[in-house]
Amino acid sequence: MSEREAVLFANEAFYRAFADRDSTAMDEVWARDRPVVCIHPGWPPLEGRDEVMESWRAILANPDSPATQPRGARAYLQGEQAFVVCYEEIEGQYLIATNIFAREGGLWRLVHHQAGPTAGEPSAEDEDDGAPRTVN
């Protein structure tokens, strides 16, 4: 598996935990030894693993929380860090999200998630074509 595929796999694991409402899986995707921040749409920044995980436990436990599907994920790598930009489809509407990952214990772990409104929506060109994307 290439590094790009590994990052996209980590991104998928995040959204799978979200879709399955699996707080244990969500806990696994987030970094343990690095600073983490999460900005849910309309929320102030949540800083620190405890605060971030508390928010996810509340969201995942809420039966009225809408289903979220990632669309058009594109990964960008820079050494031991990477980020994915994707759309989040929620009940036919879209948010735009940035998920930042850092290598921790040989795995890509989430250190930052931010999602917010967008006027755009994914197209066929938004799908990651596997071409190398590195940030200098």
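Arg 32 is partly exposed, with a relative accessible area of 44%, and in this predicted model its side chain forms a salt bridge with Glu 28, the closest N and O atoms lying 3.3 Å apart. Glu 28 likewise counts as partly exposed, at 39% relative accessibility.

**Salt bridges**

| Pair | N to O distance |
|---|---|
| Arg 32 and Glu 28 | 3.3 Å |
| Asp 20 and Arg 16 | 3.0 Å |
| Glu 80 and Arg 103 | 3.3 Å |

The pair formed by Asp 20 and Arg 16 belongs to helix H1 (residues 3-20), where the two residues are separated by about one helical turn because they stand four residues apart. Asp 20 is partly exposed, with a relative accessible area of 45%, and Arg 16 is partly exposed as well, with a value of 46%.

The side chains of Glu 80 and Arg 103 also meet in a salt bridge. Glu 80 is found in the loop between strand E3 (69-78) and strand E4 (81-90), whereas Arg 103 is part of strand E5 (residues 93-104), so this pair ties together parts that are 23 residues apart in sequence. Glu 80 is partly exposed, its relative accessible area being 45%.

Arg 32 and Glu 28 take part in a network in which salt bridges that share partners join them with Asp 27, Arg 49 and Arg 109.

**Helix H3**

Arg 49, a member of that network, is also one of the buried residues of helix H3. Helix H3 (residues 49-61) comprises 13 residues and reaches 18 Å from its first C-alpha to its last, which is close to the 18 Å expected at 1.5 Å a residue.

Besides Arg 49, the buried residues of H3 are Val 52, Met 53, Ser 55, Trp 56, Ile 59 and Leu 60. Seen down the axis of H3, these buried residues fall within an arc of 155°, so they line one face of the helix. The face of H3 turned away from that buried side carries the exposed residues Asp 50, Glu 54 and Ala 61.

Technical notes:
Residues numbered from 1 in each chain as written. Predicted model: local features only at pLDDT ≥ 70, side-chain atom pairs only at ≥ 80, totals over all residues. Heavy atoms only, no water. Salt bridge = Lys/Arg side-chain N within 4 Å of Asp/Glu carboxyl O. Buried < 20%, exposed > 50% of the residue type's maximum accessible area, 1.4 Å probe, protein only. Expected span 1.5 Å × (residues − 1). Arc of directions from axis to C-beta.
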